[in-house]
Amino acid sequence: MARDWETHEHDVIVVGAGGAGLRAAIEAAAQGVSVGLICKSLLGKAHTVMAEGGIAAALGNVWPEDSWRVHFRDTMRGGKMLNNWRMAQLHAQEAPDRVLELERWGALFDRTKDGRILQRDFGGHRYARLAHVGDRTGLEMIRTLQDHAVHQGIDVHMETTVLRLLKDGDRVCGAFAYRRDRGDFVVFRAKAVVLATGGIGKAWAITSNSWEYTGDGHSLALWAGADLIDMEFVQFHPTGMVWPPSVRGILVTEGVRGDGGTLKNNQGERFMFRYVPEYFRAETADTEAEADRWYADKTNNRRTPDLLPRDEVARAINAEVKAGRGTPHGGVFLDICTRRPADYIKKRLPSMYHQFKELADVDITKDPMEVGPTCHYVMGGVRVDADSAASTVPGLFAAGEVAGGLHGSNRLGGNSLSDLLVFGRRAGFHAALYAKDRGGQVKVEPSQVESLAREALEPLSRRAGGENPYAIQHELQETMQRLVGIIRTESELREAVGAIERLKERAGRVRVDGGSAYNPGWHTALDLRSLLAVAECSTLAALERRESRGGHTREDYPKADPEWGKVNVVLRRKDGGVTLAREPLPDLPAELQKLLGESS
Amino acid sequence: MPAVTLRVFRGDAAAGGFRDYRVETEPGMVVLDVVHRLQATQATDLAVRWNCKAGKCGSCSAEINGVPRLLCMTRMNLFADGETITLAPMRAFPLIRDLVTDVSFNYEKAKQIAPLRLRAPEADGSYRMMQEDIDRIQEFHKCIECFLCQDVCHVIRDHDTKRAFAGPRFFIKLASLEMHPLDTRDRIDAIRREAGLGLCNITKCCTEVCPEHIHITDNGIIPLKERVVDEFCDPVIWLLRKLRGGPEAPAS
């Protein structure tokens, strides 16, 4: 069953149209190359739209003491020093410019009394640092970028899913994709490709991630021969909704705690004071009075433990629930109603007010929320050069969540939106330069396309029997939730490896009804390949790292191990399988080491 | 909760009709949950567009019992026991399949809106804006582009005047630029002529269906109409324009 395909040619294609993809496309177009922007959904619907709390950038509008150096330090410590230091440095240095640029493109952030961009407190940040718009910052960011991008001569290919990168020798030369509306295949010929596809959270059952987050870019890169790093580090956001069951996992912004909300167990106890790790003890309040004073006076008080980095808070909530001190629906309480006036809550957290009112019949200005951990973000991703966002495959670049390194073992809230802007711009710029230098014609081998098309159509052409793609996806999500969750252990990880292997076999027999035009069953069948690939990578890396650090907690190795603190776990494709290697982190220059203060 | 009957439109532009399905439900479900369960168990190729399932992306727009709504923000407990729930695609846009429509009309309209033309910064290079000066525009920026307002607007829905009419979503987009403290572009002529603001006769249907509760008519469309009237019907401005030689052509 062979089929024809349409072909498009661009100097640079960008896969993914969230914050990183849009910013990359804008920058590449500004360099004068032709740009194609490919998005799996409609433009403006990418996962960035769901970001709530804000963009971390050391603007110093609220606390003039803030600077890129403090932001750098906070990011490195939040990631337990496993971060790529150069990425952390560039990120902290360039984030303020990227935020101000959004403002010049029309974004309207909440204001300080003197008319500047207001900044809010968030976990792990020394100063109030997050530029925000209530609790819908991602919407403002994506719409601003989208409205700017549509006037830059970028060709947008909506509802188009990239299934495989194409290569000419060792270089990337384009992508093989399909259009949802008609179900037709599309070949993109390109001199350079930027991956900006986001994360992998749909491999877990309880997740804040949207349907798009099936690890497409991670898998495309792996299959094309690129290195992945840090795939064991998956962030479980401490506060997702837990009730009713159908909304379980939907995000509750850290901004609730940033604006004064506090976590309590079923005894009414602010339990986070019992979970302050040695690593953060010196900078964390040890009494409720000090924690409450800190919001207004950061000079003389230390940060509330409610705003420890996310990995710490998620583990604490997990432990409280396990100890029987949870809420009726298996979460803990997040209380802002007794701490802030109703008007303030509605002004600062309108989406949260709306979300709980409409989906859970809870008025958060009168009653506490019930919250628990939800799979939120993958720190790991494509190994990139810090300055250029280039992967280890010539012509392939990656930015945003799909790239690894910046966040180390745990990302601080607010550092994702700034990551998208800083490294989206860098990836677009360097992809354009690469495309210009490369010049000449791009060749795509038709036989390669024909074989990919045949493979993609298999689920539609199988007749008898066959597996239901939704059932396999569901079983994978339950497996990852149960065996590769917040707390891991060797026996369970091994069980997961076996389960994933069996699901891969079954996925090879998947069958769907209907035709190829806008068929979600077929789409789910195609997504399974990337979803299973990233689930396998994450599990193998988790098995490999025998220590606990950031977003990776091993019950059988509960402590951080300084030796493991010096290496990344690297995954790469070999002979149809995946191999693992431990490779040393880049050396941290002495002048940056000094900024970090006490080490781990 | 017991099983419910979903009456779902199945088909494409060539042929189609409603089909009934019985689907099990659980407490707390929204309509999109029930659609997903139907898809996973009985109708694997049922086309539905969705992304976030949290009311933030505006993808899952459809008509539920004839009313334009988001599938993900419509709770099942809104319906009476035993009530059949009818799901149809948005009627104003060309059908692709089942519950999915081709909304590219809206993306074309978006491209026609000239981008912000930035004013000069303060002496220190920054831009100062007071919160009270942007409150109104921030309300417009809550728009999640679900296009339910476009779907319900009778100018788009029932008349073949799409080319000369931007629709409520883009009226509030234009309003947000027109009121933006940093934008220097004169948009009134474009709002009147290219966007066709005059065709709106303020029935407020758009405001009623907005899932973000934006006061589209009162805070967006009516103030824009007043600005158009001020510029085009004020005799003093009219005379000045005659002397100057007509309004500026809208630049891109």
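Reader: In the hairpin of S8(A) and S9(A), which residue takes a positive phi near 75 degrees?

Author: That residue is A:Gly183, and the hairpin to which it belongs has five residues between its two strands. Please keep in mind throughout that this is a predicted model.

Reader: How many residues of S9(A) are buried?

Author: The criterion is a neighbour count, since a residue is called buried if 20 or more other C-beta atoms lie within 10 Å of its own. In strand S9 (residues 185-195) of chain A, 11 of the 11 residues are buried, so the strand is largely enclosed by the rest of the structure.

Reader: What should I expect of nonpolar side chains in general, and which residues touch the most other members of the largest nonpolar core here?

Author: In soluble globular proteins, nonpolar side chains tend to be buried together. In this model the largest nonpolar core has 257 residues, of which A:Val12, A:Val193, A:Val194, A:Leu195 and A:Phe397 touch the most other members. Helix H16 (residues 520-544) of chain A supplies the largest share of this core, namely 14 residues. If residues up to four places away in sequence are left out, the residues that A:Val194 touches include A:Val12, A:Val14, A:Val15, A:Phe397 and A:Gly428.

Reader: What does the radius of gyration say about chain A as a whole?

Author: Chain A has 17 helices and 20 strands. Its radius of gyration is 23 Å, close to the 25 Å that the globule rule gives for 600 residues, so chain A is as compact as a globular protein of that length. Its C-alpha atoms fill a box of roughly 70 × 50 × 50 Å along the principal axes, and 62% of its 600 residues count as buried. Among the contacts in chain A with a separation of 6 or more, 75% are accounted for by residues 24 or more positions apart.

Reader: In the open sheet of three strands in chain A, which are the edge strands?

Author: The order of that sheet is S3-S5-S4, with antiparallel pairing, and its edge strands are S3 (55-56) and S4 (119-120), each of which pairs on one side only. Strand S5 (residues 130-131) is paired with S4(A) over two bridges, and A:Gln119 has A:Ala131 as its bridge partner in S5(A).

Reader: What are the corresponding figures for chain B?

Author: Chain B has 10 helices and seven strands, and its C-alpha atoms fill a box of roughly 70 × 45 × 30 Å along the principal axes. Of its 252 residues, 44% count as buried, while residues 24 or more positions apart account for 63% of the contacts in chain B with a separation of 6 or more.

Reader: Which elements of chain B supply the side that touches chain A?

Author: The contact involves 46 residues of chain B and 46 residues of chain A. On the chain B side, helix H1 (31-41), strand S6 (95-97), helix H2 (104-112) and helix H3 (131-140) each supply at least two residues, and H3(B) gives the most, with four. By class, that side has 26 nonpolar, 11 polar and nine charged residues.

Reader: Which residues of H3(B) are buried, and against what do they pack?

Author: The buried residues of H3(B) include B:Ile134, B:Ile137 and B:Phe140. These three cover an arc of only 80 degrees around the axis, which puts them on the same side of H3(B). The buried residues of this helix pack against helix H6 (168-178) and helix H9 (216-233) of chain B.

Reader: Is B:Gln150 buried or exposed?

Author: B:Gln150, which lies in helix H4 (residues 148-152) of chain B, is buried, because 29 other C-beta atoms lie within 10 Å and the cut-off is 20 or more. Leaving aside neighbours within four places in sequence, its contacts include B:Ala92, B:Asn106 and B:Arg169. B:Gln150 and B:Cys205 are 55 residues apart in sequence, yet their C-alpha atoms are 9.7 Å apart in space.

Technical notes:
Residues are numbered from 1 along each chain as its sequence is written. Chains are lettered from A and ligands numbered from 1 in the order in which they are written. Two residues are in contact if their C-beta atoms, placed from the backbone, lie within 7 Å. Ala, Val, Leu, Ile, Met, Phe, Trp, Tyr, Cys and Pro count as nonpolar, Asp, Glu, Lys and Arg as charged, and the others, Gly among them, as polar. A nonpolar core is a set of buried Ala, Val, Leu, Ile, Met, Phe, Trp, Tyr and Cys residues joined through C-beta atoms within 7 Å. A residue is buried if 20 or more other C-beta atoms lie within 10 Å of its own, exposed if 12 or fewer, and partly exposed in between; C-beta atoms are placed from the backbone. The arc is that of the directions from the helix axis to the C-beta atoms. The radius of gyration is taken over C-alpha atoms; the globule rule is 2.2 Å times the number of residues to the power 0.38. Two strands pair if DSSP finds at least two bridges between them.
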